[in-house]
There are 2 protein chains.
Amino acid sequence: MIVPTEIRASVVTGVDHVGLVVRDADAAATFYVRDLRLPVLLDEVLHERAARLVWIDAGNVLVQLVQPIGPGAVADFLETRGEGLHHVCFVVPWIDHALTAIDADTIDGIFLGGRGRRACFLRNRPAGLLVEIYEDGAGGL
Amino acid sequence: MIVPTEIRASVVTGVDHVGLVVRDADAAATFYVRDLRLPVLLDEVLHERAARLVWIDAGNVLVQLVQPIGPGAVADFLETRGEGLHHVCFVVPWIDHALTAIDADTIDGIFLGGRGRRACFLRNRPAGLLVEIYEDGAGGL
């Protein structure tokens with residue numbers, strides 16, 4: 001008889017992507033596409049976030065290259081911190097439930113993020129990390 | 001008949017972990033363990049790197065909490081940049097071959113990293129990203 005030693009019920013089901021703010025997504029993509037030979041999944045513009053998103057498929061997780069295309073949070077980050085790592089995005093089955101489960105507040109509510117996913121950024125930055133949450137719902141890529 | 005449109009032969013097989021520099025790994029781990037209900041895979045000390053590594057299993061990828069335990073690169077990062085995202089680690093079958101394939105130089109050679117893996121950091125920082133490479137060889141966890 002197999003006796004489970006732990007009932008695991010994680011709030012998140014995995015990491016969707018790691019987000020990097022870059023000055024020029026085309027230039028940044030060359031390392032992933034030419035050197036690592038990884039494919040580009042999607043190249044899209046989120047006008048509401050004033051950002052272009054280029055998605056690199058690293059196999060088990062995506063790399064999101066975020067290029068500012070106008071004034072906003074992304075341009076501000078680039079200005080003050082320079083290019084580099086920006087956030088980690090975890091996947092949950094249902095955002096509203098996850099926010100309740102971890103008693104978390106969002107920076108500016110739930111929005112339609114990249115790849116058509118419902119998304120939010122957590123106001124709390126655990127150990128300095130900007131955390132994004134994506135909903136693993138139907139409709140998105 | 002299925003005709004492949006692309007022969008894919010990536011240099012990397014996936015992302016092993018995302019590394020975060022933290023002041024106190026126990027305090028930082030509470031978000032992952034208590035809130036997200038993710039398990040700790042390993043808690044280890046790398047004396048040569050003057051760092052304690054706490055590994056969180058996020059399912060498809062690991063989160064590595066890096067706490068300085070003495071003077072060195074990790075303590076320097078914490079001092080100058082503060083807590084937060086530090087690097088992304090990709091997996092390759094064989095480091096020596098990967099370094100040749102992407103024509104990359106390492107920061108301080110190949111060393112025995114966390115979980116007993118052969119590892120190196122790339123000197124080149126593509127779009128500001130510090131890239132680590134782990135070898136998916138036998139022996140390591």
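B:Asp96 is partly exposed, since its relative accessible area is 30%. The model is a predicted one, and over all its chains it holds 18 salt bridges. One of these joins B:Asp96 to B:Arg118, with the closest N and O atoms 3.0 Å apart. Because B:Arg118 lies in strand E7 of chain B and B:Asp96 in helix H3 (residues 95-101) of chain B, the pair ties together parts that are 22 residues apart in sequence. B:Arg118, with a relative accessibility of 30%, likewise counts as partly exposed.

Also in chain B, a salt bridge is formed by B:Arg115 and B:Asp16, whose closest N and O atoms are 2.8 Å apart. This pair links distant parts of the chain, 99 residues apart: B:Arg115 sits in the loop between strand E6 (111-112) and strand E7 (118-121), while B:Asp16 belongs to strand E1 (residues 14-21). Both B:Arg115 and B:Asp16 are buried.

In chain A, the side chains of A:Asp43 and A:Arg52 meet in a salt bridge, at 2.8 Å from N to O. A:Asp43 is partly exposed, with a relative accessible area of 45%, whereas A:Arg52 counts as buried because its relative accessibility of 13% falls under the 20% limit. The pair is part of a network in which salt bridges with shared partners join A:Asp26, A:Asp43 and A:Arg52.

| Residue | Partner | N to O distance |
|---|---|---|
| A:Asp43 | A:Arg52 | 2.8 Å |
| B:Arg115 | B:Asp16 | 2.8 Å |
| B:Arg118 | B:Asp96 | 3.0 Å |

When neighbours within four places in sequence are left aside, the residues in contact with A:Glu44 are A:Ala51, A:Arg52, A:Leu53, A:Trp55, A:Gly114 and A:Arg115. Among them is A:Arg52, the residue whose side chain meets that of A:Asp43 in a salt bridge.

Definitions and conventions:
Residues numbered from 1 in each chain as written. Chains lettered and ligands numbered in written order. Predicted model: local features only at pLDDT ≥ 70, side-chain atom pairs only at ≥ 80, totals over all residues. Heavy atoms only, no water. Salt bridge = Lys/Arg side-chain N within 4 Å of Asp/Glu carboxyl O. Buried < 20%, exposed > 50% of the residue type's maximum accessible area, 1.4 Å probe, protein only. Helix = DSSP H or I, 4+ residues; strand = E, 2+ residues; numbered from the N terminus. Contact = heavy atoms within 4.5 Å.
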